[in-house]
Amino acid sequence: MAEEVHEADARVPILMYHAVAADPNDATRALSVTPEAFAEQMAAIADLGHTPIGTADLAAAWRSGRPLPGRPVLVTFDDGYAGVHRHALPALVKHGFPATLFVSTGWLRGPYDTGGALDTMLDWDQVRELAAAGVEIGGHSHTHPQLDRLDEERLRFELIHCKEIVADQLGSVPASFAYPYGYSDRRVRRAVRETGYAQALAVGNGLARRAQGPYALRRVTVRRSTGLDQFARLVEGRAIARAFARDRALTKGYAVLRRTRQARGRVPGRERGPGTGA
């Protein structure tokens, strides 16, 4: 059995997935993984002796000072693509792994569908089956906008409507949130906290640490191009800065462009920045 981790400043890899699909469309291809790759990656986590935990469990441990299990790792999914149920769930169940799914409620198939989804999405029956299998269901906004570019009224609507829909459909209030595209600022983080979410995940492509605070925990992106050797390095927390050096350079450049557009009063669109989460 793995030893507990007592260090207050332990560094934890939080893996960020999106679609798990054999033949995704162009919009989701780069941020997807094949079902075979996902199964191999979960097997690698087991072989390396890591212990997957949920997002709420990690944040609660860091709040209380309770020890984490030995070699903790988080498996998270954004948006709510259908392959999470069809392909990822069997691999998670095989190894007894918990995970967290962050849903954009207006993208899921069913009564709240706004028609903006990028590919085939989960329906609510599938989300309930995932929850019953031990997958924590968190919020990811209602329509997946860039939250830091919304006015206060629209920002609150995106957060509250998402939370209320998840609570209505599952019978439990979501405790965790993930920022669409990874974008947040102090105003957004405050709104997420005041809406009642207990913790929130960004991107950042770095290891999560308690010092980041519960509303800005970093994740590392798993892509279609992530080979098994690179995946093992991510889980082990090795050479992460080198692996994402290009992403960080592109993200810095894109951040300048976004600030310039925002200063000019450009209305938020569906654009994606390089190196950001979807």
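Author: We will go from the overall fold to the core, then to charged pairs and rings. Keep in mind that this is a predicted model.

Reader: Okay. How many helices and strands are in the protein chain?

Author: The protein chain has 9 helices and 12 strands.

Reader: And how much of the protein chain is buried?

Author: Of its 278 residues, 51% count as buried. The protein chain exposes about 12,100 Å². Carbon and sulfur atoms supply 50% of that area.

Reader: What about contacts between residues at least 6 apart in sequence?

Author: In the protein chain, 68% of those contacts join residues at least 24 apart.

Reader: Now the inside. Which residues touch the most other members of the largest nonpolar core?

Author: Y17, F38 and F77 do, in a core of 42 residues. Helix 3, residues 83–95, gives the largest share of this core, with 5 residues.

Reader: Take F38. What does it touch, leaving out residues up to four places away in sequence?

Author: F38 touches Y17, V20, V33, V75, F77, A88, A91 and L92. Ring pairs also link F38 with Y17 and F77 into a cluster.

Reader: What lies apart from that core?

Author: Another core, of 14 residues. L155, Y179, Y197 and A200 are among them.

Reader: What about S141, what is its phi near?

Author: Phi of S141 is near 80°. That is a positive value in a residue other than glycine. S141 lies in the loop between strand 8 (135–139) and helix 5 (152–170).

Reader: Is S141 buried or exposed?

Author: S141 counts as buried, because its relative accessibility is 0%. R71 is partly exposed, with a relative accessible area of 38%.

Reader: New topic. How many salt bridges does the structure hold?

Author: It holds 9 salt bridges. One of them joins E236 and R71, with the closest N and O atoms 2.7 Å apart.

Reader: R71 again! Where do E236 and R71 sit in the chain?

Author: E236 is in helix 7, residues 228–236. R71 is in the loop between helix 2 and strand 6. The two are 165 residues apart, so the pair links distant parts of the chain.

Reader: And how accessible is E236?

Author: E236 is partly exposed, with a relative accessible area of 28%.

Reader: Which residue forms a salt bridge with E152?

Author: R156 does, and their closest N and O atoms are 3.0 Å apart.

Reader: Why are E152 and R156 separated by about one helical turn?

Author: Because they are 4 residues apart in helix 5. E152 is partly exposed, at 33% relative accessible area. R156 is also partly exposed, at 21%. The cut-off for buried is under 20%.

Reader: Where is E194, which meets R156 in a salt bridge?

Author: E194 is in helix 6, residues 186–195. R156 is in helix 5, 38 residues apart from E194 in the chain. Their salt bridge is 2.7 Å, N to O. E194 counts as partly exposed, at 46% relative accessibility.

Reader: Which residues do shared partners join into one network?

Author: E152, R156, R187 and E194. The links are salt bridges that share partners.

Reader: Last topic, rings. How many aromatic pairs are there?

Author: The structure holds 6 aromatic pairs. In one of them, the rings of F177 and Y179 have their centres 5.8 Å apart.

Reader: Why is that pair edge-to-face?

Author: Because the planes of F177 and Y179 are at 70°, and angles over 60 degrees count as edge-to-face. Both F177 and Y179 are buried.

Reader: Which aromatic pair is stacked, then?

Author: Y181 and Y183 form a stacked pair. Their rings are 5.9 Å centre to centre, with 25° between the planes. Y181 and Y183 are both buried.

Reader: One more. What lies over the face of Y197?

Author: K163 does, at 5.8 Å from the ring centre. Y197 also belongs to the core of 14 residues.

Note on methods. Residues numbered from 1 in each chain as written. Predicted model: local features only at pLDDT ≥ 70, side-chain atom pairs only at ≥ 80, totals over all residues. Heavy atoms only, no water. Core = buried A, V, L, I, M, F, W, Y, C linked by side-chain atoms within 4.5 Å. Buried < 20%, exposed > 50% of the residue type's maximum accessible area, 1.4 Å probe, protein only. Contact = heavy atoms within 4.5 Å. Areas by Shrake-Rupley, 256 points an atom, 1.4 Å probe, with all protein chains shown as cover. Salt bridge = Lys/Arg side-chain N within 4 Å of Asp/Glu carboxyl O. Phe/Tyr/Trp six-rings, centres within 6.5 Å; stacked < 30°, edge-to-face > 60°. Lys NZ or Arg CZ within 6 Å of the ring centre and 35° of its normal.
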